[in-house]
Amino acid sequence: MFLNKPFPFTKLYKIHLIIAGIGGCILAFILIFLQPFETVYFQHQFKNLLLFGYSIFVFIGYLIFHFLENLYFKKYNSWNWGNEIAFRLGSGFFGILMGYFYHTHVFSSGSYSIYTLLLFIFYICLPILPLVEAPILLLRYIMIKELGGKEVVPNSNILEEKTLVSFTDYSGKEELVVPQNALIYVSSLDNYVQFYYLDDDKKTHKKIIELYT
């Protein structure tokens with residue numbers, strides 16, 4: 001299934017700061033230079049600055065949900081297209097909610113209600129949301145993959161859920177027991193066998209076992 005396919009993931013904030021900034025700039029460009037929704041008729045001394053305020057919520061919302069992404073990844077050690085789409089929608093909804101309060105307070109000076117929120121979502125946010133989130137999704141896939149990200153197959157690195165394998169020396173006194181998928185490399189040298197494997201902290205270890213004399 002498509003949603004279960006791995007999606008590149010990285011915890012590096014420097015990459016996500018760039019993506020969040022680009023997302024905010026895309027929204028700023030749309031609002032300030034294209035001026036949709038009759039914003040061209042809005043007159044104010046600091047009009048462009050006020051319109052740029054919406055972009056701040058895109059920036060903040062992205063970073064908040066990146067923090068939540070890190071928590072999810074730390075717990076489940078997996079990231080796929082389903083996770084990506086769900087968290088992007090969450091980030092977008094957060095931006096919409098904050099934008100609604102900002103819009104109502106600064107531009108409309110009206111009252112807060114479910115009705116005005118729905119109007120704001122359907123007539124303002126839904127037409128713009130794909131124009132902002134689609135480039136962010138594309139940037140995340142390209143930049144994360146090219147600048148330090150990795151594709152993680154769900155549960156592929158959860159060692160404790162894998163079958164354990166054991167190796168015992170000729171005397172039966174020395175034994176190596178590791179999850180099967182923790183083994184990296186095995187080589188033989190005369191009557192010895194070298195094992196390279198990962199521990200629970202993903203650190204590489206080497207162990208030599210004498211199989212016979």
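My entries below go helix by helix, then residue by residue.

**Ground rules**

I noted that this is a predicted model, in which local features need pLDDT of at least 70, side-chain atom pairs count only at pLDDT 80 or more, and totals for chains, interfaces and linings use all residues. I number residues from 1 along each chain as its sequence is written, and side-chain values use heavy atoms, with hydrogens and water left out.

**Entry 1: helix H1**

I looked up H1, which covers residues 13-34. Helices here are DSSP runs (H or I, at least four residues), numbered from the N terminus. H1 has 22 residues and reaches 30 Å from its first C-alpha to its last. That is close to the 32 Å expected at 1.5 Å a residue. The expected span is 1.5 Å times one less than the number of residues.

Which residues of H1 are buried? I listed Ile15, His16, Ile19, Ala20, Gly23, Gly24, Leu27, Ala28, Ile30, Leu31 and Ile32. Buried means under 20% relative accessible area, exposed over 50%, and partly exposed in between (1.4 Å probe, protein chains only). The cover over the buried residues of H1 includes H2 and H4.

**Entry 2: H1 against H2**

Next I took H2, residues 47-76. Its 30 residues should span 44 Å at 1.5 Å a residue, and its end C-alpha atoms are 45 Å apart, which agrees.

How do H1 and H2 cross? Their axes come within 8 Å and cross at roughly 150 degrees. Axes are lines fitted to C-alpha atoms, for helices over the stretch in contact, and angles run from 0 to 180 degrees between N-to-C directions. H1 and H2 are therefore roughly antiparallel to each other. The classes are: under 35 degrees roughly parallel, over 145 roughly antiparallel, 65 to 115 roughly perpendicular, and the rest oblique.

H1 passes H2 in a right-handed crossing. A crossing is right-handed if the near helix is turned clockwise from the far one by less than a right angle, and left-handed if anticlockwise.

I then checked the contact, meaning heavy atoms within 4.5 Å. On the H1 side I found Tyr13, His16, Leu17, Ile19, Ala20, Gly21, Gly23, Gly24, Leu27, Ala28, Leu31 and Ile32. On the H2 side I found Asn48, Leu51, Phe52, Tyr54, Ser55, Val58, Phe59, Tyr62, Leu63, His66, Phe67 and Asn70. By class, this contact has 16 nonpolar, eight polar and no charged residues. Ala, Val, Leu, Ile, Met, Phe, Trp, Tyr, Cys and Pro count as nonpolar, Asp, Glu, Lys and Arg as charged, and the others, Gly among them, as polar.

**Entry 3: H2 against H4**

H4 covers residues 114-146. The axes of H2 and H4 come within 13 Å and cross at roughly 45 degrees. H2 and H4 are therefore oblique to each other. H2 passes H4 in a right-handed crossing. Val58, Tyr62 and Glu69 of H2 meet Val132, Ile136 and Arg140 of H4. By class, I count four nonpolar, no polar and two charged residues in this contact.

**Entry 4: His66**

His66 lies in H2. Is His66 buried or exposed? At 0% relative accessibility, His66 counts as buried. Leaving out residues up to four places away in sequence, His66 touches Thr10, Lys11, Leu12, Tyr13 and His16.

**Entry 5: after the helices**

Gln35 follows H1. Gln35 is in the loop between H1 and H2. Its phi is positive, about 50 degrees, although Gln35 is not a glycine. Gln35 is partly exposed, at 22% relative accessibility.

Asn77 follows H2. Asn77 sits in the loop between H2 and helix H3 (81-108). Asn77 also is not a glycine, yet has a positive phi of about 50 degrees. Asn77 is buried, with a relative accessible area of 17%.

Trp79 is in the loop between H2 and H3. Trp79 is buried, at 0% relative accessibility. Trp79 and Pro6 are 73 residues apart in sequence, but their C-alpha atoms are 6.0 Å apart in space.

**Entry 6: Ile124**

Ile124 belongs to H4. Ile124 is partly exposed, with a relative accessible area of 24%. Not counting residues up to four places away in sequence, Ile124 touches Phe37, His103 and Leu119. I also looked up Asp200, which is 76 residues from Ile124 along the chain. The C-alpha atoms of Ile124 and Asp200 are separated by 49 Å.

Terms used
Helices (H or I, at least four residues) and strands (E, at least two) are DSSP runs, numbered from the N terminus.
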